[in-house]
Each structure stands twice: as structure tokens, then as C-alpha cells.
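User: I would like to learn how to read a structure feature by feature. Can we work through one together?

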Amino acid sequence: MKNHLFFIPAFIFSVLINIGGVASLYSQAKDSETPNFIIIFADDLGYGDLGVFGNPSIKTPHLDTMAYEGQKWTSFYAAASVCTPSRAGLLTGRLPVRSGMASSKSRVLFPNSKNGLPASEITIAEQLKKVGYTTAAIGKWHLGHKPEFLPTNHGFDSYFGIPYSNDMDMIDTNIGYSEYWEQPFDSIKTAHFNVPLLRDTKIIERPANQNNITKRYSDEAVAFIEKQGVSPFFLYVAHNLPHIPLFASKDFLGKSKRGLYGDVIEEIDDGVGKIIKALKAKGLDRNTIVVFTSDNGPWLPFKNNGGSSGLLRAGKGTTWEGGMREPTIFWGPGLIKRGVVSDIGSTLDVFTTFSAMAESPITQDRIIDGLDLSLSLMEGAPSPRKSILYYRGSELFAVRLGDFKAHFITQGAYGQFGERKEHETPLLYNVAFDAGEHFDVAMKNPRVLKDINDFISNHTSSLIMAKDQLAERE
Ligand code: MG
């Protein structure tokens with residue numbers, strides 16, 4: 001009888017936990033206090049741009065150490081291949097088509113865009129704030145520059161940064177946009193871009209001095225960590241760089257063997273080192289998870305001023321692997337089990353994983369695409385993610401299911417890698433064998449194509465496309 005009495009409340013509790021969406025998986029494995037979270041997000045960083053991901057001439061000792069002490073994920077994907085939808089996916093855990101932050105008319109938001117991330121969307125910051133976290137956003141936002149769309153209206157206690165891309169608000173140079181970028185990058189000046197720097201919702205500097213913007217973002221992050229008290233915290237540091245134009249402060253300029261692009265990455269890496277050092281100085285390193293990744297692949301038409309996708313095909317703007325597979329590191333010596341992970345992960349999963357680890361219930365009133373990676377991070381369990389949906393704007397171009405990826409539509413970007421092509425028989429690559437997508441194996445794998453088609457039918461049958469928030473301009 002005693003056993004029955006125990007069993008019934010335990011069963012009800014377990015059902016409630018599952019209904020509430022609280023990730024019971026983490027609770028079972030948890031043995032420490034509520035963790036702090038830091039996301040460090042680069043802009044247009046390629047898969048091949050870090051030392052630990054194989055770059056032969058860019059030095060990234062701090063990120064390399066993070067990977068060695070933590071988990072290096074080799075099949076981790078951004079939610080889109082360009083800035084705005086990718087960031088919406090990261091912060092909400094939802095495919096950008098579900099929030100209206102992906103569009104067939106405009107790939108990203110611009111300084112004259114009317115809208116931004118709808119108030120109805122729930123960000124990671126809002127998820128964590130409701131369970132007592134202090135939250136801060138530093139850096140590029142690109143989810144709407146008007147006050148109602150800024151971080152301070154999306155769950156962040158504070159914001160310091162440039163609210164969109166650093167090449168926007170270009171001043172009149174008397175030469176065309178393309179010609180402008182043809183000139184040597186040492187003649188490109190920060191004053192040519194009239195981008196604002198905001199503190200919360202107020203402009204404090206315009207044009208923002210981009211020569212030291214990376215350093216200022218890292219210093220701001222360190223200052224935030226230093227003033228933390230007993231509450232857990234969530235810090236989102238989204239660098240504007242290495243998106244072009246490229247700028248580095250004088251301590252880094254001319255130092256890298258990889259030229260200006262290398263200088264920029266090495267300055268970002270230096271900031272990562274400062275953040276880790278600040279955590280250690282505060283005794284927070286055992287109870288903080290730091291994730292480093294990028295919003296999309298490298299901007300390849302800029303040649304040596306853009307990054308490298310390493311062994312992957314194509315880059316930013318495309319649904320080839322180089323557009324969306326990102327060099328990703330999870331660090332947290334008290335929480336993360338060391339290793340190299342080749343299982344699939346997505347920036348969409350960060351929302352769900354952090355919510356689970358903070359024990360913040362996820363609402364059941366909408367579809368969340370993120371999955372809980374906490375057991376993979378803490379115990380090295382297999383990733384629950386088996387698929388990736390590669391959207392370009394509001395169109396599904398490709399799908400990865402397990403080791404195989406089918407392209408239904410292919411299209412290059414920015415004048416490279418070909419025109420739009422719809423494939424009657426999809427191109428099929430085994431991206432575990434062939435990460436560079438060179439060898440089409442569709443003819444030999446009809447069953448795989450059928451499974452992928454069934455998977456897509458299942459996805460699209462329940463998909464409700466939200467109203468496009470990117471197209472309207474003022
Ligand atoms: Mg980007």
C-alpha cells in the first residue's frame with residue numbers, strides 16, 4: 001500500500017512535469033546550482049575560420065582551449081544562412097517562418113524596415129527572466145531597430161550595441177556599392193557607415209566608432225560579469241564582426257598572418273579569453289555555460305576580406321553546408337562533458353536547452369523547434385536532433401535527415417554558386433561522408449529520398465506561416 005501511495009503522486013508529478021514542458025531530463029542529471037549562460041555569437045564567421053576548426057593561419061588560442069576543455073560540435077547549424085532569420089531562430093527556438101522573421105521579399109531587416117521580432121514571440125531572455133535571471137544583450141541585434149523591437153522589450157534588462165549590420169547606413173560615397181567594396185580595405189573608414197550605437201534604447205554615438213567596437217563589446221561583457229551578485233545571469237554577446245566592413249583596434253591591426261580578416265577574428269578570440277578570465281576571477285567558471293557560434297557562413301564574394309567555410313561548399317546566403325554549418329563550442333568545466341561531437345545540433349536548440357537547465361517551463365501554446373541537448377552536453381548522450389530544415393527565406397530548399405541531405409532547390413548567393421534550380425530528382429549527399437557535398441548519391445538511395453519526403457510532408461502539414469515581418473519599409 002505504501003508503495004502505491006508513493007507511486008501515485010510520483011506518477012502525477014511526472015505527468016505534470018511533462019505537461020508543463022519542464023525538461024525532466026536535466027532535473028534527473030542535475031547536481032549543481034542553477035547555471036549561468038553566455039552566448040557569444042559571431043557574424044559571418046566561416047566553418048574554417050578558427051584554429052580548432054582547422055584554420056592554418058588565424059590564431060584563436062582561447063577558443064581552441066574552450067573546445068579542448070569543453071565540447072566541439074562539428075555538425076551544428078544556424079537557423080538560417082543570413083542574419084535576421086538566424087538570430088530570430090536562435091533567440092526563440094522556432095523556425096523563422098513561424099515568427100514571420102523569414103521572407104521571400106527581403107532577406108533581412110534594414111534601417112528603413114517597419115517591423116521587427118513580434119512582441120508575441122518568447123526569447124531565451126524572457127524564458128530565463130521569469131525564473132529570476134539577470135539578462136543583458138551586447139552587440140548586434142538585427143531583430144528590429146525601433147524601440148518596441150529592441151532587446152529591452154524582449155526580455156533583456158539592458159542593451160549596448162549597434163542594432164543592425166555594420167555596413168548599413170552607408171554614407172554617399174559617389175561610387176556604387178559594388179565599386180565601393182572593390183577598393184583596398186585600408187581606405188574604408190568607420191565614418192563611412194552612419195550606424196548608431198545604442199545604450200538600451202538611446203543613441204549614444206553616431207556613427208559608431210567601429211575601430212574598437214569588438215573590444216568595447218568584450219569589455220562591456222566583462223563589466224557585466226564583474227557586477228553580478230547572487231542571481232543567475234544570461235549574457236548575449238553578438239559581435240558585429242567579421243561581417244564587412246572589417247575593423248580591428250590598434251593592438252590587433254596588422255598582427256595576424258591572415259591579414260585584416262585574421263586581425264578581426266584574433267580580437268574576437270582575445271575578448272573570449274577576457275570573458276573566461278572574468279568568470280574565473282569571480283569563481284563562476286564551474287557554474288557557467290559559454291557557447292560560441294556564428295549566425296551564418298562566410299561572405300565569400302569579399303574574397304580575402306570574407307571568411308572560409310573550410311571543407312564545406314559555398315557560404316553565406318546559401319543552403320549549402322557552408323551557409324549554415326557553424327564552428328560551435330560549448331564550454332563549462334563544471335557542467336559540460338569534454339569531447340568532440342559529430343551528432344547534429346542547431347542554434348534552435350539553445351532556447352530549449354537553456355530553458356531546461358534553468359527549469360523554466362516552455363509554453364505549450366506554440367510549436368517550438370528546439371530540442372533539449374542538456375544530456376548531450378553534460379553526459380555525452382547522443383543528440384536528440386536527427387534533422388535540419390534548410391529554409392531560404394520562406395521556402396524550404398533542403399533537408400538533412402540523419403547522415404543524408406537532399407536539395408530540392410539550389411541557388412547561389414551574391415553572384416556566386418549558380419542560379420536558382422529546382423531539382424526534379426533531388427540532389428542527395430551523405431554529409432557524414434561527404435561534408436563538401438561533391439558526390440550525388442540519389443540514384444543509389446531511393447529509400448532515403450522517400451524517408452526525407454515523408455519527413456517533409458509531416459513538417460509542412462502542421463506548418464503555419466506567420467505574417468512576413470521583413471518586407472514592409474517606411
Ligand atoms: Mg551574418
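**Reading the model**

Analyst: H243 is buried, at a relative accessible area of 2%. Burial here means under 20%. Keep in mind throughout that this is a predicted model.

User: Which side chain does the side chain of H243 make a polar contact with?

Analyst: The partner is N166, side chain to side chain, at 2.9 Å.

User: Now F247. Is F247 buried or exposed?

Analyst: F247 counts as buried because its relative accessibility is 5%, and the limit for that class is under 20%. F247 too is placed in the loop between β7 and α9.

User: Let us turn to the metal. Which residues coordinate the magnesium ion?

Analyst: Start with the donor atoms, then look at the sequence spacing. D43 (OD), D44 (OD), C83 (SG), D295 (OD) and N296 (OD1) coordinate the magnesium ion, at 2.1 to 2.6 Å. The spacing of these donor residues reads D-D-x38-C-x211-D-N.

User: Why does D295 count as buried?

Analyst: Apply the accessibility cut-off again. D295 counts as buried because its relative accessibility is 0%. N296 is buried as well, also at 0% relative accessibility.

User: Next, the chain as a whole. Into which domains is the chain divided?

Analyst: Read the bounds, then the distances between centres. Domain 1 covers 1-31, domain 2 covers 35-385 and domain 3 covers 389-461. Between the C-alpha centres of domain 1 and domain 2 the distance is 36 Å.

User: How do I read the largest pocket, and which residues lie nearest its centre?

Analyst: The largest pocket holds about 670 Å³ of space. Its lining has 27 residues, and Y177, W181, W299, F302 and Y414 lie nearest the centre. Helix α7 (residues 177-182) contributes the most to that lining, with 4 residues. By class, the lining of the largest pocket splits into 15 nonpolar, 6 polar and 6 charged residues.

User: Why does the largest cavity lie between domain 2 and domain 3?

Analyst: Check which domains supply the lining. Domain 2 (35-385) and domain 3 (389-461) both give residues to the lining of the largest cavity, so this cavity lies between them.

User: What is the volume of the second largest cavity, and which residues line it?

Analyst: Its volume is about 40 Å³. The lining includes P298, W299, L300, Y414 and F417. By class, the residues lining the second largest cavity are 7 nonpolar, 3 polar and 1 charged. The second largest cavity also lies between domain 2 and domain 3, because both give residues to its lining.

Key. Residues numbered from 1 in each chain as written. Predicted model: local features only at pLDDT ≥ 70, side-chain atom pairs only at ≥ 80, totals over all residues. Heavy atoms only, no water. Donors = N, O, S within 2.8 Å, 3.2 Å for Na, K, Ca; no water. Buried < 20%, exposed > 50% of the residue type's maximum accessible area, 1.4 Å probe, protein only. Domains from an automatic or database assignment. 1 Å grid on protein atoms, 1.4 Å probe; cavity = no way out; pocket = protein on both sides within 12 Å on 5 of 7 lines; lining within 4 Å. Points joined across faces, edges and corners; volume = space filled by probe spheres on them. Helix = DSSP H or I, 4+ residues; strand = E, 2+ residues; numbered from the N terminus. Nonpolar A, V, L, I, M, F, W, Y, C, P; charged D, E, K, R; others polar. Polar contact = N/O pair within 3.5 Å; in protein donor to acceptor, adjacent residues only side chain to side chain.
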